[in-house]
Amino acid sequence: LYLVYVFSGMLFITDQFTKFLAREYLFDQSFVFGWLRFDLVFNTGAAYGLFSNFTPFLTWLGVIVIAYLLYSIKSLIHTKLDIVAYALIIAGALGNTVDRILFGKVTDFINIQIIPVFNFADIYLNIGVVLILLNTFFYAKKSTRNNG
């Protein structure tokens with residue numbers, strides 16, 4: 001259980017530090033490394049620019065999700081992969097929610113030019129959700145085989 005908190009904390013710090021660097025060094029310029037660009041973008045919506053200008057709603061949603069996960073984490077963890085998945089989701093939700101609370105918008109800066117600009121918190125959330133889906137599928141399949 002403590003691993004979830006420690007891992008989430010480390011990921012959250014990484015997210016916030018990279019966003020700080022983006023706000024400091026990308027304000028009036030971009031860095032281009034082939035297909036990878038670093039461009040400073042502020043997002044008032046959710047992932048991929050959805051629900052733009054819904055910041056108050058998304059802020060409260062983030063707070064509720066984080067509170068629920070922290071309250072329920074013990075009952076949500078069934079496998080080692082769950083530890084990683086929920087740590088990623090908590091860190092991602094916390095990273096973007098803190099941005100909304102402090103700045104009224106989320107700092108995005110990673111641009112691979114085929115999807116909207118994003119940040120590490122977005123990466124954490126996406127990977128965490130995929131891991132939970134995969135783990136749920138394989139865990140349920142394994143449980144069915146063991147029970148059947």
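Analyst: Helices (H or I, at least four residues) and strands (E, at least two) are DSSP runs, numbered from the N terminus. The model is predicted, so local features need pLDDT of at least 70 and side-chain atom pairs 80 or more, while totals for chains, interfaces and linings use all residues. Residues are numbered from 1 along each chain as its sequence is written, and side-chain values use heavy atoms, without hydrogens and water.

User: Why is aspartate 39 called buried?

Analyst: Buried means under 20% relative accessible area, exposed over 50%, partly exposed in between (1.4 Å probe, protein chains only). Aspartate 39 has 10%, so it is buried. This residue lies in strand S2, residues 36–43.

User: Which residues is aspartate 39 in contact with, leaving aside neighbours within four places in sequence?

Analyst: Contact means heavy atoms within 4.5 Å. The partners of aspartate 39 are Leu26, Ser30, Asp108, Phe109, Asn111 and Val117.

User: What makes alanine 85 count as buried?

Analyst: Its relative accessibility is 0%, therefore alanine 85 is buried. Alanine 85 sits in helix H3 and touches Gly128, Leu131 and Ile132, not counting residues up to four places away in sequence. Its C-alpha atom is separated by 9.6 Å from that of leucine 133, 48 residues apart along the chain.
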